[in-house]
Amino acid sequence: MARVRDAVGPQSPSAWLAIAGALVLMLWPALLNGFPIVFFDTGGYIEAAALHRLVEGRSLAYGLFLQATSLDWRTLWGPVVAQSALTLWLLRLVRGGLAPSVLHRWPATLALVLFLSLGTGMAWYTAQLMPDLTVPWVVATLWLLAFRWPWLPWPTRLGVGALGLFSLLSHMSGMALGMGLVGFLVVMKAAGSIARPRSWRALRLLPPAAMVAGGVLALPLLNGAVTGEARLTPGGPMFLFGSLLQQGHVRQLLEERCADDPHAYALCRHRHHLPTTADEFLWSEESPLVALGGWQAMTAEAARVNAAIMRRYPLALAGTSLQAGVEQFFRVQTGDGLDEYHGSTREMVHQFLPGLESAYLKADQQNDGPTPGMADLFNYLTVPLAYIALAALAALIPQAVRQRDGAALGALLFLLAALAGNALICGALSNPHDRYQNRLVWLAPLFALAVNSRLRAGAGVEEDAEPTVRVPALVALALPGANAPPRRRWPRIARPRTARPRPLDVTGLGRAAAPPTDDLTASPLAALTLAPEQPPASQP
């Protein structure tokens with residue numbers, strides 16, 4: 001397969017028009033809204049970058065991205081345009097990596113973007129000021145580095161690695177998912193080494209592992225350099241506590257411990273007034289969390305409760321976590337929380353972005369306009385398509401096995417592992433929300449369409465089928481094991497063409513031996529070659 005040189009570089013004005021059209025499609029929710037889409041958490045990222053401080057559950061890296069791409073808060077259209085352009089680049093790389101025959105067809109790319117923008121929730125994340133989009137970026141960049149490394153030129157390798165590193169820094173769930181996927185890649189490579197498909201032996205582990213390790217190391221370094229606090233993004237124990245509360249384990253622990261020791265936890269005096277959901281506990285102004293001093297004061301207590309639950313109820317915790325993960329896997333609706341009052345974001349825009357406040361307040365989203373409701377309307381299309389795409393991923397696996405296409409099979413299994421891992425991480429460690437899975441599930445139709453195109457074209461036959469030495473049947477009888485796969489492919493060494501002696505009749509069938517010739521392709525052993533060669537020059 002030809003090396004992927006440039007997944008974006010257009011050669012004609014029509015290509016530039018296709019790029020412009022693709023970006024408009026990816027930004028249509030923001031264009032309809034009159035302002036980039038925002039969420040509850042958007043204000044926290046603005047606050048983190050503006051004050052250079054760590055905010056619970058809000059990535060400083062993404063806040064700095066907002067500041068940089070908005071030209072120091074001059075326009076918030078910059079971030080969503082940048083997000084759309086980067087997503088388009090990754091779409092081209094992934095599509096081209098799986099179906100290289102359509103890599104440079106911009107009309108096909110435009111049609112794909114049209115389908116993903118209207119038939120999935122993708123556009124609601126490219127047009128939104130949130131790092132949710134970086135989670136599918138983590139998956140796409142890890143796949144490219146692991147499976148397509150040999151076919152990417154060095155500038156593209158560096159670009160993919162840099163984008164993946166930024167994605168890891170932008171969302172802690174993306175960091176957890178990245179670590180899990182590297183472990184899955186290790187299992188895949190081991191499977192290819194021990195059994196089949198053998199093409200998985202060529203899977204690259206070092207680039208994706210280096211990217212994830214770099215993210216783990218770079219996150220506290222970045223936070224320390226900017227804020228003076230060299231640690232991970234805070235808030236993890238509180239999100240886990242909220243999940244355990246919603247699963248019922250916190251109430252069970254408090255009932256057992258507080259009955260014997262009313263001072264075992266500060267929560268003991270509030271155990272009869274605990275809400276039933278994580279969102280109510282973490283975000284409601286009437287939550288006991290307010291009386292307990294807020295997130296920072298409660299973090300140590302939450303960590304103690306979490307550890308106690310893990311020790312006392314491991315089996316029950318595993319069961320409820322798995323149940324939450326399964327629930328999360330099938331929650332794929334678009335528009336989660338977009339039609340509600342975003343008080344924190346309003347406050348941050350007023351405080352730090354006064355020049356943009358007027359445009360922000362005029363947007364549909366801040367005036368009960370039709371834009372947020374469009375997501376609910378499109379769910380009648382996007383939810384069934386998401387389920388169809390998930391079913392298609394599973395249905396394509398037997399076909400990839402039959403065609404012995406290791407790259408196609410690897411892509412399908414890798415994405416299914418990513419979807420399952422994301423559901424388990426978000427459902428069990430936080431709590432199930434539609435946007436957690438919806439932000440990633442739009443990769444399912446992308447991979448399904450690309451793999452289907454690949455399998456229909458038979459693209460994996462030359463690249464991924466196990467190497468086989470083909471020899472004439474009669475020669476195979478005289479050379480036992482001649483059709484066995486070679487242990488190693490050596491570079492071909494050109495030899496000068498010299499006249500060969502007249503070959504002997506080794507068949508034993510009395511057939512006339514071939515006449516002397518310098519044409520190497522006429523030799524009965526020529527089929528032993530592992531790679532096609534150019535035919536030799538004709539003899540005078």
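User: Start with contacts. Of those between residues at least 6 apart in sequence, how many join residues at least 24 apart?
Analyst: 74% of them do. Keep in mind that this is a predicted model.

User: Let's do the largest nonpolar core. Which residues touch the most other members?
Analyst: Val 139, Trp 143, Leu 393 and Phe 447 do, in a core of 110 residues.

User: Which helix gives the most to this core?
Analyst: Helix α8, residues 134-147, with 11 residues. As background, nonpolar side chains tend to be buried together in soluble globular proteins.

User: Switching to helix packing. At what angle do α6 and α23 cross?
Analyst: Roughly 145°. The axes of α6 (residues 106-119) and α23 (residues 443-457) come within 10 Å.

User: Left-handed or right-handed crossing?
Analyst: α6 passes α23 in a right-handed crossing.

User: Which residues make the contact?
Analyst: From α6, Leu 112, Phe 115 and Leu 116. From α23, Pro 445, Leu 446 and Leu 449.

User: Cysteines next. How many disulfides does the structure hold?
Analyst: It holds 1. Cys 258 pairs with Cys 268, and their sulfur atoms are 1.9 Å apart.

User: Where do the two sit?
Analyst: Cys 258 is in helix α13, residues 249-260. Cys 268 is in the loop between α13 and α14, and the two are 10 residues apart.

User: Are they buried or exposed?
Analyst: Cys 258 and Cys 268 are both buried.

User: Why is the disulfide called left-handed?
Analyst: Because the torsion about the S-S bond of Cys 258 and Cys 268 is about -80°.

User: What about Cys 426, buried or exposed?
Analyst: Buried. Cys 426 has a relative accessibility of 4%, so it falls under the 20% cut-off.

User: Now Ser 287. Where is it found?
Analyst: Ser 287 is in the loop between α14 (278-283) and α15 (288-291). Ser 287 is buried, with a relative accessible area of 5%.

User: What lies 2.6 Å from a polar atom of its side chain?
Analyst: The backbone oxygen of Phe 281. Beyond neighbours within four places in sequence, Ser 287 is in contact with Glu 280 as well as Phe 281.

User: Last topic, backbone. What is phi of Leu 71?
Analyst: Near 60°, a positive value in a residue other than glycine. Leu 71 lies in the loop between α4 (60-69) and α5 (77-98).

User: Why does Leu 71 count as exposed?
Analyst: Because its relative accessible area is 52%, and exposed means over 50%.

User: And Asp 368, what is its phi?
Analyst: Near 55°, also positive in a residue other than glycine. Asp 368 lies in the loop between α19 (354-362) and α20 (371-402). Asp 368 is exposed, at 73% relative accessibility.

How values were computed: Residues are numbered from 1 along each chain as its sequence is written. This is a predicted model: local features need pLDDT of at least 70, side-chain atom pairs count only at pLDDT 80 or more; totals for chains, interfaces and linings use all residues. Side-chain values use heavy atoms; hydrogens and water are left out. Helices (H or I, at least four residues) and strands (E, at least two) are DSSP runs, numbered from the N terminus. Buried means under 20% relative accessible area, exposed over 50%, partly exposed in between (1.4 Å probe, protein chains only). A polar contact is a pair of N or O atoms within 3.5 Å; within protein, one must be able to donate a hydrogen and the other to accept it, and residues adjacent in sequence count only if both atoms are side-chain atoms. Contact means heavy atoms within 4.5 Å. A disulfide is a pair of cysteine sulfur atoms within 2.5 Å. A nonpolar core is a set of buried Ala, Val, Leu, Ile, Met, Phe, Trp, Tyr and Cys residues joined through side-chain atoms within 4.5 Å. Axes are lines fitted to C-alpha atoms, for helices over the stretch in contact, and angles run from 0 to 180 degrees between N-to-C directions. A crossing is left-handed if the near helix is turned anticlockwise from the far one by less than a right angle, and right-handed if clockwise.
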